[in-house]
Amino acid sequence: EPGREVAPERIHVSGGRVARRRPRLEYPRVSASARLAEAYAACERLARRHYENFPVASLLLPRAVRPHVAAVYAFARCADDFADEGDRPEAERLRRLDAWHARLCAAAGETPPDAAPPAVDPAGPAAARPPRGARADSAGIVDGVDADDVFVALGHTIRVKRLPLAPFEDLLSAFRQDVTV
C-alpha cells in the first residue's frame, strides 16, 4: 500500500535537546515496484526541497495518499517553475508548458487535443535525454529530478485514484496565463 510506514518515529534526546526523526515510508509495490518506488521517492524529495511545510502537512494526510499527493505536487511545482522562469523567453516557457501537458496526457494514457506526431530522434530516445541530474533546457530534468519520475508516479496516481485530467489541465492553463498576462 502506498505510503505505508515501515519504521516508527524515533525521538532522541541529546544534550537536553529533543530531536525527532521522520518515519521512513515504503512506496507502492506493483509489477514494476522498484521503478515506481523510485519515482514516488523522487517526487517526495522535490516536494520536501521546495516547500518546508510539506513534510509536516503530509503527516496530516492518511499514509496511503501521501505518495500520491507528492506526485501531484511535483507535477504542479515543476509546471509553476516553467511559467515563472522570467529569464527565459515567453515562447520557450509556453513550449515547456505544452510539453508538460503532452507528457501529462501520455502518462494518463490519453492523447492531447492538438497533438502532432512526436518527432523521432534518429539516434534513439536515449540520445535525446540529458544525463541524470543535469538541469535541462527541455522538460527532461527539472531541479535535479528526472521528469520521467514525475510522470511515472503521476500516471500511476491518476490511474489508481481515477483522477480526471481536467483539474491538471486547468492548472496548466492558469500557468500559461501567468506567462502571457
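The following dialogue explains the terms applied to this predicted model.

Visitor: What makes a stretch of the protein chain a helix or a strand?
Guide: Helices are DSSP runs of H or I with at least four residues, and strands are runs of E with at least two, numbered from the N terminus. The protein chain holds 7 helices and 6 strands, in the order β-β-β-β-α-α-α-α-α-β-β-α-α. Residues are numbered from 1 along each chain as its sequence is written. In this predicted model, local features need pLDDT of at least 70, side-chain atom pairs count only at pLDDT 80 or more, and totals for chains, interfaces and linings use all residues, while side-chain values use heavy atoms, without hydrogens and water.

Visitor: What makes a set of residues a nonpolar core?
Guide: Such a core consists of buried Ala, Val, Leu, Ile, Met, Phe, Trp, Tyr and Cys residues joined through side-chain atoms within 4.5 Å; buried means under 20% relative accessible area (1.4 Å probe, protein chains only). The largest one has 37 residues, and F75, L97, W100, L104 and L172 have the most contacts inside it. Helix 3 contributes the most to this core, with 9 residues.

Visitor: Why are helix 3 and helix 7 called roughly parallel?
Guide: Axes are lines fitted to C-alpha atoms, for helices over the stretch in contact (heavy atoms within 4.5 Å), and angles run from 0 to 180 degrees between N-to-C directions. Angles under 35 degrees count as roughly parallel. Helix 3 and helix 7 pack at about 20°, with their axes 9 Å apart; they are therefore roughly parallel to each other.

Note on methods: Buried means under 20% relative accessible area, exposed over 50%, partly exposed in between (1.4 Å probe, protein chains only). Angles under 35 degrees count as roughly parallel, over 145 as roughly antiparallel, 65 to 115 as roughly perpendicular and the rest as oblique.
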